Amino acid sequence: MKRREIIKFLSAAPLAGGIIGSGLPLQSAFAEEAAAAAGRDLFKELGLKTFINASCVCTRLTASLMPPEVTQAITKGAEEFVLLDDVLDKVGEKIAELCHAEAATVTAGCWSALVQGLAGVMTGMDRKKVMQLPNVDGMKSEVILQKSHANGYHEALKNTGAKLVIVETAAQAEAAINEKTAMLWFLNRELSAGQLNYEQWLALGKKHGVPTMIDIASDAHPVENLWKFNDMGFDLVAISGGKAMRGPQSAGILMGKKALIAAARLSAPPNSGICRGHKVNKEEILAMYVALERHIKMDHEKEWKMWEDRMAVVVNTIKGIKGVKTEVFLPEIANNTPTLHLTWDDAQIKMTGKEFRERLWNGNPGIEVMGGGTMGKSKGGIELSVWQLKPGQDKIVARRLKEELMAASV
Ligand SMILES: *Cc1c(COP(=O)(O)O)cnc(C)c1O
């Protein structure tokens with residue numbers, strides 16, 4: 001368009017154009033480039049191995065695939081400028097409403113939510129303290145957690161400079177609380193491994209006026225988990241965006257008490273502070289909101305039925321093979337989806353679990369599965385899930401399992 005035409009176009013555009021931005025699609029400025037890019041296959045161009053994910057929503061595997069609603073939020077989100085604080089405010093309000101929290105913010109994953117949340121607890125609204133971290137002088141800086149909950153992700157809390165105090169019994173937990181205690185941290189997936197349950201943990205926090213935080217990273221099933229812990233009284237709840245909820249992998253949510261969320265945000269962009277490097281772009285903030293909303297609205301019974309149907313395809317294809325044993329189980333809390341534990345009689349099938357996994361990975365198409373004991377308690381063999389499959393991949397997985405089992409049969 002010529003300049004005069006643009007002016008004419010703009011004056012004819014609805015009044016809302018002034019509020020929502022130019023009203024012009026960004027793509028029109030780059031139409032030729034966009035057309036050329038449409039046919040580009042980056043996976044091929046870069047020689048990236050793509051594979052069927054019959055494993056988990058693990059970070060290493062790039063977690064989950066975003067549904068079209070979510071990727072559209074990213075594409076559309078890229079078309080306008082907004083103020084970063086504004087989009088965090090507005091999306092935070094919506095998330096809080098959906099999850100029964102006082103407030104919420106989008107973080108760079110669940111790990112980031114743990115760091116930001118604790119930073120907020122330690123600094124409050126004191127900007128000098130925000131810039132002082134990870135030097136904790138003059139701040140409450142001890143975080144208490146149960147030994148069985150110290151399974152790796154708790155390390156995130158140390159990013160703030162806080163010291164972790166590990167306890168086992170209720171008496172030890174009570175005795176560990178002192179004037180330096182900043183927070184009590186709970187890892188949902190290890191609920192049954194710990195001696196203290198939710199109620200006891202919350203009661204301890206309440207009695208001593210210490211905030212409580214729970215990590216529910218990949219526990220978006222059942223969907224009630226999204227508000228259950230806010231309702232229960234945890235002061236902060238942290239969850240991954242790109243795991244069970246299928247949002248952007250580098251997004252997550254921190255929700256809870258209003259004052260704590262406000263304080264947490266002081267350490268994150270656009271502010272400086274220890275989470276300045278945990279930037280989430282506006283596209284992903286919007287996409288996180290859409291993914292959460294979609295997850296809450298979707299028909300989870302239908303989804304469950306789809307998982308069961310896929311699992312039946314896999315199990316029915318291989319269960320008749322001599323020496324093969326199949327057991328479908330449900331991980332108790334995290335990754336709450338039907339999971340297959342496949343084992344075999346070594347005398348009848350000459351292949352280790354590791355060899356089986358390698359053959360599946362190196363086959364065509366490559367398939368990633370888990371080692372036995374990853375999600376369940378019993379070890380040996382392999383484990384696999386079907387929730388991250390694309391339609392039709394259940395049949396491919398079933399066929400490949402059968403091929404390798406038959407080839408290794410004596
Ligand atoms: C994956 C995970 C995290 C980290 O989440 P990200 O979204 O990858 O940052 C934290 N805690 C638990 C229990 C997890 O499973």
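Let's start with helix α16 (residues 393-407): Arg-399 and Glu-403 both sit in it, 4 residues apart, or about one turn of the helix. This is a predicted model, so keep that in mind for what follows.

- Arg-399 and Glu-403 form a salt bridge, with 3.1 Å between their closest N and O atoms.
- Arg-399 counts as partly exposed at 38% relative accessibility, and Glu-403 counts as partly exposed at 36%.
- The pair belongs to one network, in which salt bridges with shared partners join Arg-399, Arg-400, Glu-403 and Glu-404.

**Salt bridges between helices**

- The count for the structure comes to 18 salt bridges.
- One of them joins the side chains of Arg-294 and Glu-69, at 3.9 Å from N to O.
- That pair ties together distant parts of the chain, with Arg-294 in helix α13 (residues 282-297) and Glu-69 in helix α5 (residues 68-77), 225 residues apart.
- Arg-294 is buried because its relative accessible area, 19%, falls under the 20% cut-off; Glu-69 is partly exposed at 44%.
- Lys-207 forms a salt bridge with Glu-174, and here the closest N and O atoms are 2.9 Å apart.
- This one also links distant parts of the chain: Lys-207 is in helix α10 (residues 198-208) and Glu-174 in helix α9 (residues 170-176), 33 residues apart.
- Lys-207 counts as exposed at 59% relative accessibility, while Glu-174 counts as partly exposed at 30%.

**Around the ligand**

- The ligand is surrounded by Thr-59, Gly-109, Cys-110, Trp-111, Tyr-153, Leu-187, Asp-215, Ala-217, Ser-240 and Lys-243.
- Sorted by class, that shell has 5 nonpolar, 3 polar and 2 charged residues.
- Asp-215 puts a polar side-chain atom 2.7 Å from a ligand nitrogen.
- Trp-111 uses its backbone instead: an N or O atom there lies 2.9 Å from a ligand oxygen.
- Ser-240 has a side-chain N or O atom 2.7 Å from an oxygen atom of the ligand.
- On its own the ligand would expose 380 Å², and the protein buries 89% of that.

**Strand β2**

- In β2 (residues 103-107), 5 of the 5 residues are buried, so the strand is largely enclosed by the rest of the structure.
- Ala-103, Thr-105 and Thr-107 point one way from β2, with Ala-104 and Val-106 pointing the other way.
- β2 pairs with strand β8 (residues 252-256) in the antiparallel sense, over 5 bridges.
- In that pairing, Thr-105 stands opposite Leu-254 of β8.

Methods: Residues are numbered from 1 along each chain as its sequence is written. This is a predicted model: local features need pLDDT of at least 70, side-chain atom pairs count only at pLDDT 80 or more; totals for chains, interfaces and linings use all residues. Side-chain values use heavy atoms; hydrogens and water are left out. A residue is near a molecule or strand if one of its heavy atoms lies within 4 Å of it. A polar contact is a pair of N or O atoms within 3.5 Å; within protein, one must be able to donate a hydrogen and the other to accept it, and residues adjacent in sequence count only if both atoms are side-chain atoms. Accessible areas come from the Shrake-Rupley method with a 1.4 Å probe; for residues, only the protein chains shown count as cover. Ala, Val, Leu, Ile, Met, Phe, Trp, Tyr, Cys and Pro count as nonpolar, Asp, Glu, Lys and Arg as charged, and the others, Gly among them, as polar. Buried means under 20% relative accessible area, exposed over 50%, partly exposed in between (1.4 Å probe, protein chains only). Helices (H or I, at least four residues) and strands (E, at least two) are DSSP runs, numbered from the N terminus. Two strands pair if DSSP finds at least two bridges between them. A salt bridge is a side-chain nitrogen of Lys or Arg within 4 Å of a carboxyl oxygen of Asp or Glu.
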